[in-house]
Protein chains: 2
Amino acid sequence: MILYDYCRSSAAYRVRIALNLKGLAYEQVPVNLLKSEQRGEENLARNPQGLVPSLDDNGEMLNQSLTMCEYLDEAYPETLQLLPSDVLERARVRSLAQLIACDIHPVNNLRILKYLVSEFGVSDEQKTAWYQHWVQEGFVALERALADSDQTGKFCHGDDPTLADVLLVPQVFNANRFKVDMSVYPTIARIADACNELKAFADAHPDLQPGA
Amino acid sequence: MILYDYCRSSAAYRVRIALNLKGLAYEQVPVNLLKSEQRGEENLARNPQGLVPSLDDNGEMLNQSLTMCEYLDEAYPETLQLLPSDVLERARVRSLAQLIACDIHPVNNLRILKYLVSEFGVSDEQKTAWYQHWVQEGFVALERALADSDQTGKFCHGDDPTLADVLLVPQVFNANRFKVDMSVYPTIARIADACNELKAFADAHPDLQPGA
């Protein structure tokens with residue numbers, strides 16, 4: 001498999017974690033976001049949105065990080081499953097993952113921050129406040145959902161990592177980068193720490209990727 | 001089943017379409033977004049994010065509209081499947097759906113528009129430009145993905161509606177509301193029209209819901 005990724009893309013970070021958790025080998029090809037390579041023809045042919053990551057599995061090109069994670073689970077069922085087998089448990093894990101993927105991350109994406117600066121002329125302080133606001137809004141809900149459920153274990157769902165943890169760790173990484181106070185989200189922080197002790201998560205860290 | 005929804009919520013619009021396509025009966029309980037009922041204790045107990053929709057299936061409360069759609073497919077496999085059975089086809093449908101659910105809709109949500117006005121003081125014109133920009137950015141890619149693939153049929157994937165169409169129709173409804181020029185997205189417009197001829201989509205239209 002070939003993962004077209006970039007060290008600073010947190011969507012790519014997710015897919016690296018998923019591939020590592022499932023024990024699948026992959027080659028990395030960096031698409032440099034700082035040089036806008038994602039908008040070049042080569043990447044547009046892989047990804048009509050001009051985004052990263054894309055995943056090439058034996059000539060089949062996949063887009064959207066959540067899609068890739070679910071694809072890996074379905075195409076390679078013999079290794080660790082990122083989603084539980086029970087229908088209701090799958091729904092819980094998906095909803096935790098989508099809280100991050102749909103309601104936190106997209107609003108704080110680099111292209112959004114750039115628009116705020118170029119079109120509305122927001123200051124650095126305003127940009128940071130925007131970033132923190134949407135993380136906090138999401139994390140308050142996520143903390144409650146995790147802390148209130150007896151299905152939460154060492155990880156977001158039970159004692160094995162799932163798709164929810166795959167999404168959680170890059171979002172916590174971003175929150176720390178933007179100096180969000182994590183002490184008010186003790187369950188989220190505890191789970192992120194537990195994840196980062198695993199090699200699959202540690203090896204996917206942005207600082208360890210090509211081009212970092 | 002009980003769907004906690006609101007006529008103006010496009011995430012709820014998706015779930016109404018999915019329930020109708022699957023032929024599942026449900027009761028609707030409106031949560032009035034204009035009165036901020038979604039942030040009230042009653043709704044927070046159902047939905048820790050203080051959002052709509054939530055779906056109660058026999059006492060089990062589900063959140064996140066995409067999660068609900070996938071849950072309905074897995075819990076009620078005997079009716080029309082929103083996802084194909086082939087693993088790669090499932091990935092295509094999911095990635096089309098997530099292009100909308102992750103990369104267009106969240107950025108144009110009511111709470112985001114409110115923040116732009118209250119914190120950055122953007123004008124009505126700037127707000128509309130913001131809205132149109134992110135729809136156009138997403139629709140350019142979606143149009144290409146649909147027009148370039150021989151897997152696109154009468155609907156987004158083949159000749160039966162799938163999860164991708166469930167997401168497409170509410171997004172096109174929003175685009176029209178914000179006067180996005182749809183003539184440059186002929187494939188998207190054609191598919192949305194085909195969907196809206198089906199009773200499952202027509203019955204889910206915001207104007208026909210309680211409280212509209």
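Start by selecting Pro53(A), in the loop that runs between α2 (41-46) and β3 (54-57) of chain A; helices here are DSSP runs of H or I with at least four residues, strands are runs of E with at least two, and both are numbered from the N terminus. Show the backbone: the peptide bond joining Val52(A) to Pro53(A) is cis, with omega at about 0°. Now jump to chain B and pick Pro53(B), in the loop between α2 (41-46) and β3 (54-57) of that chain. A cis peptide bond is there too, between Val52(B) and Pro53(B), with omega about 0°.

Before going further, a word on the ground rules. This is a predicted model, in which local features need pLDDT of at least 70 and side-chain atom pairs count only at pLDDT 80 or more, while totals for chains, interfaces and linings use all residues. Residues are numbered from 1 along each chain as its sequence is written, chains are lettered from A and ligands numbered from 1 in the order in which they are written, and side-chain values use heavy atoms, with hydrogens and water left out.

Back to chain A. Which residues does Ser9(A) touch, leaving aside its neighbours within four places in sequence? Leu33(A), Val52(A) and Pro53(A), with contact meaning heavy atoms within 4.5 Å. Ser9(A) sits in the loop between β1 (2-5) and α1 (10-21) of chain A. At 8% relative accessibility, Ser9(A) is buried (buried is under 20% relative accessible area, exposed is over 50%, partly exposed is in between, with a 1.4 Å probe and protein chains only). A polar atom of the Ser9(A) side chain is 3.4 Å from the backbone nitrogen of Ala11(A).

Switch to Ser9(B), which caps the N-terminal end of α1(B), a side-chain oxygen lying 3.4 Å from the backbone nitrogen of Ala11(B). Then select the whole helix, residues 10-21 of chain B: its end C-alpha atoms are 16 Å apart, in agreement with the 16 Å that twelve residues should span at 1.5 Å a residue (the expected span is 1.5 Å times one less than the number of residues). Colour by accessibility and you'll find eleven of the twelve residues of α1(B) buried, among them Tyr13(B), Arg14(B) and Arg16(B). Just past the helix, Gly23(B) has a positive phi of about 70°.

Stay on Arg16(B) and bring up Asp5(B): they form a salt bridge, with the closest N and O atoms 3.0 Å apart. (The rule is a side-chain nitrogen of Lys or Arg within 4 Å of a carboxyl oxygen of Asp or Glu.) Asp5(B) belongs to strand β1 (residues 2-5) and Arg16(B) to helix α1 of chain B, so the pair ties together parts eleven residues apart in sequence. Asp5(B) is buried at 1% relative accessible area, and Arg16(B) is buried at 0%.

For a contrast, go to Lys199(B) and Asp203(B), whose side chains meet in a salt bridge at 2.7 Å, N to O. Here Lys199(B) is exposed at 62% and Asp203(B) is partly exposed at 35%.

Next stop, the interface. How many residues of each chain are in contact with the other? It's 44 of chain A with 44 of chain B. The buried area is about 4200 Å², 62% of it from carbon and sulfur atoms; that is the accessible area (1.4 Å probe) the two parts lose on being put together, summed over both. Highlight Arg111(A), Tyr115(A) and Phe120(A), which supply 14% of the area chain A buries against chain B, more than any other three residues.

Ten salt bridges run between the chains. Pick Arg94(B) and Glu74(A), which meet at 3.1 Å, N to O. Then pick Glu70(B) and Arg94(A), which form a salt bridge at 3.3 Å, N to O. That pair crosses from helix α3 (residues 65-75) of chain B to helix α4 of chain A, and both residues are buried.

Finish on the loop between β3 and β4 of chain A, where you'll find Asn58(A). Its phi is near 55°, a positive value in a residue other than glycine, and Asn58(A) is exposed at 75%.

Notes
Polar contact = N/O pair within 3.5 Å; in protein donor to acceptor, adjacent residues only side chain to side chain.
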